[in-house]
Amino acid sequence: MKTITKLALAFGLLSSSLSIEAQEAHLVQSNDYEALSALLKQIDAPLTDAFPLISAVGTRLTEGQADWLSQQPEIIRVIDNVEDALGDHDSDKSIDTACPYAGSIKLITEQNRLIWPIHARIERPTQLRRLVISQSEHTAEVLKISLDNQLMAFKRDSQTGVVTTEINTTLSEPVHNIAVFFANVNPPKQNELDMTLTFDDDCETQLLPAYMDNDSNTHFNDLIGASALHFQGIKGQGVGIAVLDSGLWSHPDLDHNTAASNRVPVAFDAIRNLEVTTL
């Protein structure tokens, strides 16, 4: 009994000394998911994320705690530098690899104006410095530009037609809306425009181009970083996706690919035990 008490005391002192060290995000995977919670409790490590499908949890560990876990027979692997791989969204360092705001995948058209929603990637006030607009096909006259219904002054280059707005405004909301008003009744299409936002640290977010042969909804989402593939001409041809869900509703943006062909080759109705071929 005394031996067990001494071991418990020694382990408690070890845990206390380890807690002084800096903790970093880790992913811990086990061959026994139920044992993970108990192991974390033994070393007083927090459970920050649960991934039961892969028998893993997210936690914050010191170097000593990570070493101890990796030696346990139930543990398959302990992965460190998780924040480096996924990005620490609560840290200003994330701006080094991603802009604080990402533009919506689609411009909203309302009469003679185009609205570009921008969405926050990190939760901290961010300085929006500049908006630059250029047109590739024709020069539709820009009448006014607003940010969240507040008008912004802008300049237009008489030779290139490029419009520049020095904004210098702090953004802090999850979503902000940039609206561009044109003199034409029908504003330019998304694939006729280049729009670039510049934030602090000279980070830039660009409007995604739209496909010429289909509607403007079918382009990659900058929020997940897939726009980089789009700019390289990679559109996912030849890739099949299986959707396992309680139901998939019919919508033009889901039904058709970039060549305006049906993108859903087959569907299975588990309720009626019926296979539906759509091609």
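Student: Which residues have the most contacts inside the largest nonpolar core?
Tutor: This is a predicted model. Its largest nonpolar core has 26 residues. Those with the most contacts inside this core are Trp-116, Leu-131, Ile-133, Ile-145, Ile-178, Met-195 and Leu-197.

Student: Which strand gives the most to this core?
Tutor: Strand 7, strand 8, strand 9, strand 12, strand 13 (175–182) and strand 14 (193–199) each supply at least two residues of the core. With 4 residues, the strand that gives the most is strand 14.

Student: Which residues is Ile-145 in contact with, leaving aside its neighbours within four places in sequence?
Tutor: Ile-145 is one of the residues with the most contacts inside the largest core. Here contact means heavy atoms within 4.5 Å. With its neighbours within four places in sequence set aside, Ile-145 is in contact with Gln-150, Leu-151, Met-152, Phe-154, Val-163, Thr-165, Ala-179, Val-180, Leu-131, Ile-133 and Ile-178.

Student: How many residues are in the second, separate core?
Tutor: Among the members of this second core are Leu-39, Ile-43, Ala-45 and Leu-69. It is separate, and its residue count is 12.

Student: In the open sheet of 5 strands, what is the order?
Tutor: The pairing in this sheet is antiparallel. Strand 11 (155–156) and strand 15 (204–206) each have a single partner strand, so one side of each has no neighbour in the sheet and they stand at the edges. The order is 11-12-8-14-15.

Student: Which residue stands opposite Leu-197 in strand 15?
Tutor: Strand 14 and strand 15 run antiparallel and are joined by 3 bridges. In strand 15, the residue opposite Leu-197 is Thr-205.

Student: Is Ile-167 buried or exposed?
Tutor: Ile-167 is found in strand 12. Leaving aside neighbours within four places in sequence, its contacts are Leu-128, Arg-129, Arg-130, Leu-131, Leu-147 and Met-152. A residue under 20% relative accessible area counts as buried. Because its relative accessible area is 9%, Ile-167 is buried.

Student: What separates the C-alpha atoms of Ile-167 and Arg-130?
Tutor: Along the chain, Ile-167 and Arg-130 are 37 residues apart.

Student: Which residue meets Glu-166 in a salt bridge?
Tutor: Side chains of opposite charge can pair when their charged atoms come close. In this salt bridge the N to O distance is 3.1 Å. The pair links distant parts of the chain, 36 residues apart, with Glu-166 in strand 12 (residues 163–171) and its partner in strand 8 (residues 126–135). That partner is Arg-130.

Student: How many salt bridges does the count come to?
Tutor: One joins the side chains of Glu-166 and Arg-130. Another joins the side chains of Glu-110 and Arg-113, at 2.5 Å from N to O. The count comes to 2.

Student: Why does Glu-110 count as partly exposed?
Tutor: Partly exposed lies between two cut-offs, since buried means under 20% and exposed means over 50%. Glu-110 is partly exposed because its relative accessibility is 35%.

Student: What is the phi of Gln-111?
Tutor: Gln-111 has its place in the loop between strand 6 (108–110) and strand 7 (113–120). It is exposed, with a relative accessible area of 71%. Although Gln-111 is not a glycine, its phi is positive, at about 55 degrees.

Student: Where is the place of Asp-148?
Tutor: Asp-148 is a residue other than glycine with a positive phi, near 50 degrees. It is partly exposed, with a relative accessible area of 32%. Its place is in the loop between strand 9 (142–147) and strand 10 (150–152).

Student: Which residues make the nonpolar surface patch of about 340 Å²?
Tutor: One member is found in the loop between strand 2 (47–51) and strand 3 (56–61), namely Leu-53. Leu-53 counts as exposed because its relative accessibility is 86%. The patch is made by Phe-51, Leu-53 and Ile-54.

Student: How far apart in space are Leu-244 and Phe-268, C-alpha to C-alpha?
Tutor: Leu-244 lies in the loop between helix 5 (227–231) and helix 6 (252–255). At 83% relative accessibility, this leucine counts as exposed. Leu-244 and Phe-268 are 24 residues apart in sequence, and their C-alpha to C-alpha distance is 9.8 Å.

Terms used
Residues are numbered from 1 along each chain as its sequence is written. This is a predicted model: local features need pLDDT of at least 70, side-chain atom pairs count only at pLDDT 80 or more; totals for chains, interfaces and linings use all residues. Side-chain values use heavy atoms; hydrogens and water are left out. Patches are made of residues with over 30% relative accessible area and no salt bridge: like charges are joined within 9 Å, nonpolar side chains (Val, Leu, Ile, Met, Phe, Trp, Tyr) within 5 Å. Accessible areas come from the Shrake-Rupley method with a 1.4 Å probe; for residues, only the protein chains shown count as cover. A salt bridge is a side-chain nitrogen of Lys or Arg within 4 Å of a carboxyl oxygen of Asp or Glu. Buried means under 20% relative accessible area, exposed over 50%, partly exposed in between (1.4 Å probe, protein chains only). A nonpolar core is a set of buried Ala, Val, Leu, Ile, Met, Phe, Trp, Tyr and Cys residues joined through side-chain atoms within 4.5 Å. Two strands pair if DSSP finds at least two bridges between them.
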